Amino acid sequence: MKLLDVNILVGVHRKEAAQHEELKTWLEKVIDEPVGVAVSELVLSGFLRIVTHPKIYSKPTPLAIAMDFLDDLRGRAGVHILSPGLRHWAIFSNLCIQADARGNLVPDAYHAALAMETGCEWITLDKGFGRYPGLRWRSPFDLKTPE
């Protein structure tokens, strides 16, 4: 299963985002695949933090619109919400140590650990995820779009 990063959802939601149309088209197609996609609640809250932030956008997304976007996403049959399990902390702490994750890299290690624990492939636009050994990850543009 494909586990989505915050930057995928932001790119789909914000029309001025680079590759907005491509990301939106890609997500609409993969959601309808038999396996679907997955997100974590940490990614969902990160999406809200980013799109509603007035220091990131001169016209941030109003909270109600951002929540509607997430409610629509969460309500789709092809979207699965994943939570950390019993092995998550051990994987996470090991990744933090191996990658010397500090500051803003800590949430990335958390997401990488969730993908590894659940056997998902992490889908992101952030090439920095290559620092986490054992993580299967790629850009959505490295994936063949379903016909």
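1. Helices (H or I, at least four residues) and strands (E, at least two) are DSSP runs, numbered from the N terminus. By that rule, His-20 is found in helix H2. Buried means under 20% relative accessible area, exposed over 50%, and partly exposed in between (1.4 Å probe, protein chains only). His-20 has 6% relative accessibility, so it counts as buried. Contact means heavy atoms within 4.5 Å. Leaving aside residues up to four places away in sequence, His-20 touches Gly-11, Val-12, His-13, Arg-14 and Lys-15.

2. A word on the basis. This is a predicted model, in which local features need pLDDT of at least 70 and side-chain atom pairs count only at pLDDT 80 or more, while totals for chains, interfaces and linings use all residues. Residues are numbered from 1 along each chain as its sequence is written, and side-chain values use heavy atoms, with hydrogens and water left out.

3. Look next at helix H1, residues 6-13. This helix is mostly covered, with seven of its eight residues buried. They are Val-6, Ile-8, Leu-9, Val-10, Gly-11, Val-12 and His-13. Their packing partners are strand E1 (2-4), helix H2 (20-31), strand E2 (37-40), H3, H4 and strand E4 (121-123).

4. How do H1 and H4 cross? Their axes come within 12 Å, at roughly 115°. Axes are lines fitted to C-alpha atoms, for helices over the stretch in contact, and angles run from 0 to 180 degrees between N-to-C directions. The two helices are therefore roughly perpendicular (65 to 115 degrees; under 35 is roughly parallel, over 145 roughly antiparallel, the rest oblique). On the H1 side, the contact is made by Leu-9, Val-12 and His-13. H4 supplies Ile-65, Phe-69 and Leu-73.

5. Phe-69 also belongs to an aromatic pair. Rings of Phe, Tyr and Trp (its six-membered ring) pair if their centres lie within 6.5 Å; planes under 30 degrees apart count as stacked, over 60 as edge-to-face and the rest as tilted. A search of the whole structure finds five such pairs. In one, the ring centres of Phe-47 and Phe-69 are 5.0 Å apart and the planes lie at 25°, so this pair is stacked. It links distant parts of the chain: Phe-47 sits in helix H3 (residues 41-51) and Phe-69 in helix H4 (residues 63-74), 22 residues apart. Both Phe-47 and Phe-69 are buried.

6. Two further ring features deserve a look. Trp-89, Phe-92 and Tyr-110 make up one aromatic cluster. Arg-14 lies over the face of Tyr-57, 3.7 Å from the ring centre (the rule: NZ of Lys or CZ of Arg within 6 Å of the centre and within 35 degrees of the ring normal).
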